[in-house]
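Hi,

Here is the structure I promised to pass on. Have a look at it first, and then read my notes below.

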Amino acid sequence: MFGISDLISLVISAFIILPAVVFIREMGYVIVSWLFGVIKPRVTIGSGRRVFKFGMFDIRSCYHFYSWFSYDKLKHENKFAYISIYSGPILINLIVGLTINFLIANGVIEEYKTFWDRFVFYAFYYVLFDAVPMTTFNGKPNNGMIIYKMIRYGKRIDSSKEHILPSTSEVEKEYQEYMKEIDENEKKVNKENHY
(Lines give C-alpha, C1' and ligand atoms only; values in the text may rest on other atoms or scores of the structure.)
Protein backbone atom coordinates (compact mmCIF):
# COMPACT_ATOMS: atom_id res chain seq x y z
CA MET A 1 0.00 0.00 0.00
CA PHE A 2 1.27 3.45 -0.95
CA GLY A 3 1.53 5.54 2.21
CA ILE A 4 2.85 8.91 3.34
CA SER A 5 6.41 7.55 3.76
CA ASP A 6 6.30 6.33 0.15
CA LEU A 7 5.12 9.77 -0.97
CA ILE A 8 8.02 11.41 0.87
CA SER A 9 10.45 8.90 -0.69
CA LEU A 10 9.01 9.64 -4.14
CA VAL A 11 9.43 13.40 -3.67
CA ILE A 12 13.02 12.95 -2.42
CA SER A 13 13.78 10.65 -5.37
CA ALA A 14 12.24 12.98 -7.97
CA PHE A 15 13.52 16.31 -6.66
CA ILE A 16 16.85 15.43 -5.00
CA ILE A 17 18.28 12.04 -6.02
CA LEU A 18 17.36 12.04 -9.72
CA PRO A 19 18.63 15.61 -10.37
CA ALA A 20 21.86 14.80 -8.47
CA VAL A 21 22.45 11.68 -10.59
CA VAL A 22 21.66 13.66 -13.77
CA PHE A 23 24.11 16.39 -12.68
CA ILE A 24 26.82 13.79 -12.08
CA ARG A 25 26.05 12.32 -15.51
CA GLU A 26 26.44 15.72 -17.20
CA MET A 27 29.73 16.24 -15.35
CA GLY A 28 30.98 13.09 -17.10
CA TYR A 29 30.77 15.02 -20.38
CA VAL A 30 32.52 18.03 -18.84
CA ILE A 31 35.40 16.11 -17.28
CA VAL A 32 36.21 14.16 -20.44
CA SER A 33 35.73 17.13 -22.78
CA TRP A 34 38.26 19.16 -20.76
CA LEU A 35 40.86 16.55 -21.70
CA PHE A 36 40.23 17.42 -25.37
CA GLY A 37 40.31 21.20 -24.94
CA VAL A 38 36.62 22.01 -24.82
CA ILE A 39 35.73 25.60 -25.72
CA LYS A 40 32.70 27.29 -24.15
CA PRO A 41 31.18 24.30 -22.30
CA ARG A 42 27.77 24.57 -20.67
CA VAL A 43 25.77 22.26 -18.45
CA THR A 44 22.08 23.09 -18.64
CA ILE A 45 20.02 21.57 -15.85
CA GLY A 46 16.29 21.54 -16.47
CA SER A 47 14.00 23.29 -18.88
CA GLY A 48 11.84 26.39 -18.89
CA ARG A 49 12.88 29.81 -17.62
CA ARG A 50 16.44 30.35 -16.49
CA VAL A 51 16.68 30.64 -12.70
CA PHE A 52 20.35 31.59 -12.78
CA LYS A 53 23.51 31.13 -14.80
CA PHE A 54 26.86 30.81 -13.07
CA GLY A 55 29.92 30.17 -15.19
CA MET A 56 29.16 27.14 -17.33
CA PHE A 57 26.10 26.14 -15.26
CA ASP A 58 22.65 27.15 -16.52
CA ILE A 59 19.88 26.21 -14.05
CA ARG A 60 16.29 26.28 -15.29
CA SER A 61 13.01 26.36 -13.36
CA CYS A 62 12.02 22.74 -14.09
CA TYR A 63 15.42 21.45 -12.98
CA HIS A 64 14.34 17.83 -12.52
CA PHE A 65 13.05 17.21 -16.06
CA TYR A 66 15.73 17.57 -18.70
CA SER A 67 19.43 18.35 -18.83
CA TRP A 68 22.18 18.45 -21.42
CA PHE A 69 25.79 19.35 -22.11
CA SER A 70 26.85 21.64 -24.94
CA TYR A 71 30.03 23.21 -26.20
CA ASP A 72 31.17 25.29 -29.16
CA LYS A 73 34.35 23.49 -30.15
CA LEU A 74 37.07 21.04 -29.18
CA LYS A 75 40.75 21.86 -29.69
CA HIS A 76 41.42 18.18 -30.40
CA GLU A 77 38.56 16.83 -32.53
CA ASN A 78 38.82 13.21 -33.62
CA LYS A 79 36.98 9.89 -33.41
CA PHE A 80 38.62 8.94 -30.10
CA ALA A 81 37.64 12.30 -28.56
CA TYR A 82 33.97 11.85 -29.45
CA ILE A 83 33.85 8.24 -28.27
CA SER A 84 35.50 9.31 -25.00
CA ILE A 85 33.13 12.25 -24.47
CA TYR A 86 30.05 10.08 -25.04
CA SER A 87 31.51 7.43 -22.71
CA GLY A 88 32.06 10.00 -19.93
CA PRO A 89 28.48 10.00 -18.53
CA ILE A 90 28.35 6.20 -18.56
CA LEU A 91 31.69 5.83 -16.80
CA ILE A 92 31.11 8.49 -14.14
CA ASN A 93 27.69 7.07 -13.14
CA LEU A 94 29.16 3.57 -13.13
CA ILE A 95 32.07 4.66 -10.89
CA VAL A 96 29.81 6.63 -8.51
CA GLY A 97 27.22 3.83 -8.38
CA LEU A 98 29.80 1.11 -7.73
CA THR A 99 31.56 3.24 -5.10
CA ILE A 100 28.37 3.98 -3.16
CA ASN A 101 27.26 0.36 -3.50
CA PHE A 102 30.64 -0.78 -2.14
CA LEU A 103 30.30 1.61 0.82
CA ILE A 104 26.77 0.35 1.57
CA ALA A 105 27.83 -3.31 1.29
CA ASN A 106 30.74 -2.78 3.68
CA GLY A 107 28.69 -0.91 6.28
CA VAL A 108 30.42 2.43 5.75
CA ILE A 109 27.13 4.09 4.79
CA GLU A 110 24.51 2.80 7.20
CA GLU A 111 22.63 5.99 7.93
CA TYR A 112 20.05 6.90 5.26
CA LYS A 113 20.53 3.51 3.59
CA THR A 114 17.27 3.80 1.63
CA PHE A 115 18.41 7.14 0.20
CA TRP A 116 21.73 5.68 -0.93
CA ASP A 117 20.10 2.52 -2.30
CA ARG A 118 17.90 4.69 -4.51
CA PHE A 119 20.88 6.80 -5.52
CA VAL A 120 22.66 3.64 -6.70
CA PHE A 121 19.49 2.49 -8.48
CA TYR A 122 19.24 5.73 -10.50
CA ALA A 123 22.98 5.76 -11.23
CA PHE A 124 22.75 2.26 -12.71
CA TYR A 125 19.48 3.15 -14.45
CA TYR A 126 21.31 5.88 -16.36
CA VAL A 127 24.26 3.59 -17.06
CA LEU A 128 21.91 0.99 -18.57
CA PHE A 129 19.94 3.40 -20.75
CA ASP A 130 23.08 5.29 -21.76
CA ALA A 131 25.20 2.23 -22.60
CA VAL A 132 22.76 -0.05 -24.43
CA PRO A 133 22.63 1.23 -28.04
CA MET A 134 19.14 2.49 -28.87
CA THR A 135 17.21 5.31 -30.41
CA THR A 136 15.34 7.47 -27.90
CA PHE A 137 11.67 8.49 -28.02
CA ASN A 138 12.50 11.66 -29.99
CA GLY A 139 14.30 9.68 -32.70
CA LYS A 140 17.80 10.63 -31.60
CA PRO A 141 20.47 8.07 -30.73
CA ASN A 142 21.50 7.60 -27.11
CA ASN A 143 25.18 7.63 -26.09
CA GLY A 144 25.53 3.86 -26.57
CA MET A 145 24.23 4.07 -30.14
CA ILE A 146 26.53 6.99 -30.96
CA ILE A 147 29.54 5.16 -29.49
CA TYR A 148 28.63 1.98 -31.37
CA LYS A 149 28.27 3.79 -34.71
CA MET A 150 31.42 5.84 -34.13
CA ILE A 151 33.38 2.62 -33.56
CA ARG A 152 31.72 0.75 -36.43
CA TYR A 153 31.55 3.48 -39.08
CA GLY A 154 34.05 6.04 -37.80
CA LYS A 155 31.42 8.78 -37.63
CA ARG A 156 27.99 9.58 -36.30
CA ILE A 157 25.41 7.84 -38.48
CA ASP A 158 21.79 8.90 -37.95
CA SER A 159 19.15 11.17 -39.39
CA SER A 160 20.43 14.16 -37.42
CA LYS A 161 22.26 16.89 -39.29
CA GLU A 162 23.18 18.56 -36.00
CA HIS A 163 26.63 18.91 -34.49
CA ILE A 164 27.70 15.86 -32.50
CA LEU A 165 26.70 17.73 -29.31
CA PRO A 166 24.71 20.96 -29.36
CA SER A 167 26.66 24.21 -29.67
CA THR A 168 26.51 26.42 -26.57
CA SER A 169 26.08 29.52 -28.74
CA GLU A 170 23.17 27.91 -30.63
CA VAL A 171 21.57 26.70 -27.39
CA GLU A 172 21.74 30.23 -25.97
CA LYS A 173 20.27 31.69 -29.18
CA GLU A 174 17.40 29.17 -29.12
CA TYR A 175 16.77 29.94 -25.44
CA GLN A 176 16.59 33.69 -26.09
CA GLU A 177 14.14 33.12 -28.98
CA TYR A 178 12.07 30.75 -26.83
CA MET A 179 11.90 33.27 -23.97
CA LYS A 180 10.94 36.08 -26.37
CA GLU A 181 8.08 33.94 -27.68
CA ILE A 182 6.95 33.08 -24.12
CA ASP A 183 7.04 36.74 -23.09
CA GLU A 184 5.02 37.76 -26.17
CA ASN A 185 2.42 35.06 -25.45
CA GLU A 186 2.17 36.16 -21.80
CA LYS A 187 1.67 39.79 -22.86
CA LYS A 188 -1.01 38.71 -25.32
CA VAL A 189 -2.84 36.65 -22.67
CA ASN A 190 -2.59 39.48 -20.11
CA LYS A 191 -3.92 41.95 -22.67
CA GLU A 192 -6.88 39.66 -23.50
CA ASN A 193 -7.62 39.12 -19.79
CA HIS A 194 -7.49 42.87 -19.16
CA TYR A 195 -10.45 43.49 -21.49
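Which residues form a nonpolar patch on the surface? They are F2, I4, L7, I8, L10, V11, I12, F15, I16 and Y63, and together they have about 910 Å² of accessible area. Areas here come from the Shrake-Rupley method with a 1.4 Å probe, and for residues only the protein chains shown count as cover. A patch takes residues with over 30% relative accessible area and no salt bridge, joining like charges within 9 Å and nonpolar side chains (Val, Leu, Ile, Met, Phe, Trp, Tyr) within 5 Å.

Before you go on, note that this is a predicted model: local features need pLDDT of at least 70, side-chain atom pairs count only at pLDDT 80 or more, and totals for chains, interfaces and linings use all residues. Residues are numbered from 1 along each chain as its sequence is written, and side-chain values use heavy atoms, leaving out hydrogens and water.

Back to the patch: helix α1 (residues 4–35) supplies its largest share, eight residues. Helices (H or I, at least four residues) and strands (E, at least two) are DSSP runs numbered from the N terminus. L10 sits in helix α1 and is partly exposed, because its relative accessibility is 47%. For that label, buried means under 20% relative accessible area, exposed over 50%, and partly exposed in between (1.4 Å probe, protein chains only).

On the inside, the largest nonpolar core has 23 residues, and V30, F36, V43, F69, Y71, L74 and I85 have the most contacts within it. A core is a set of buried Ala, Val, Leu, Ile, Met, Phe, Trp, Tyr and Cys residues joined through side-chain atoms within 4.5 Å. Two or more residues each come from α1, β2 (42–54), β3, α2 (79–105) and α4 (143–153), with α2 giving the most, six residues. Another core, of 10 residues, lies apart from it and has V21, I92, I104 and V120 among its members.

As for α4, its buried residues are N143, G144, M145, I146, I147 and M150. Their cover includes α1, α2 and α3 (113–131), where contact means heavy atoms within 4.5 Å. Just after α4, G154 has a positive phi of about 85°.

There are also 12 aromatic pairs. Rings of Phe, Tyr and Trp (its six-membered ring) pair if their centres lie within 6.5 Å; planes under 30 degrees apart are stacked, over 60 edge-to-face, and the rest tilted. F23 and F57 make a tilted pair, because their ring centres are 5.7 Å apart and their planes are at 40°. F23 is in helix α1 and F57 in strand β3 (residues 57–70), so the pair ties together parts 34 residues apart in sequence. Elsewhere, F121, Y122, Y125, Y126 and F129 form one aromatic cluster.

Finally, how many salt bridges does a search of the whole structure find? It finds 10, each being a side-chain nitrogen of Lys or Arg within 4 Å of a carboxyl oxygen of Asp or Glu. One joins R49 to D183, with the closest N and O atoms 3.0 Å apart. That pair links distant parts of the chain, R49 being in strand β2 and D183 in helix α5 (residues 168–194), 134 residues apart. Another joins E26 and R25 at 2.9 Å, N to O; E26 is buried, with a relative accessible area of 1%. R42, R50, D58, R60 and E172 are linked in a network of salt bridges.

Cheers
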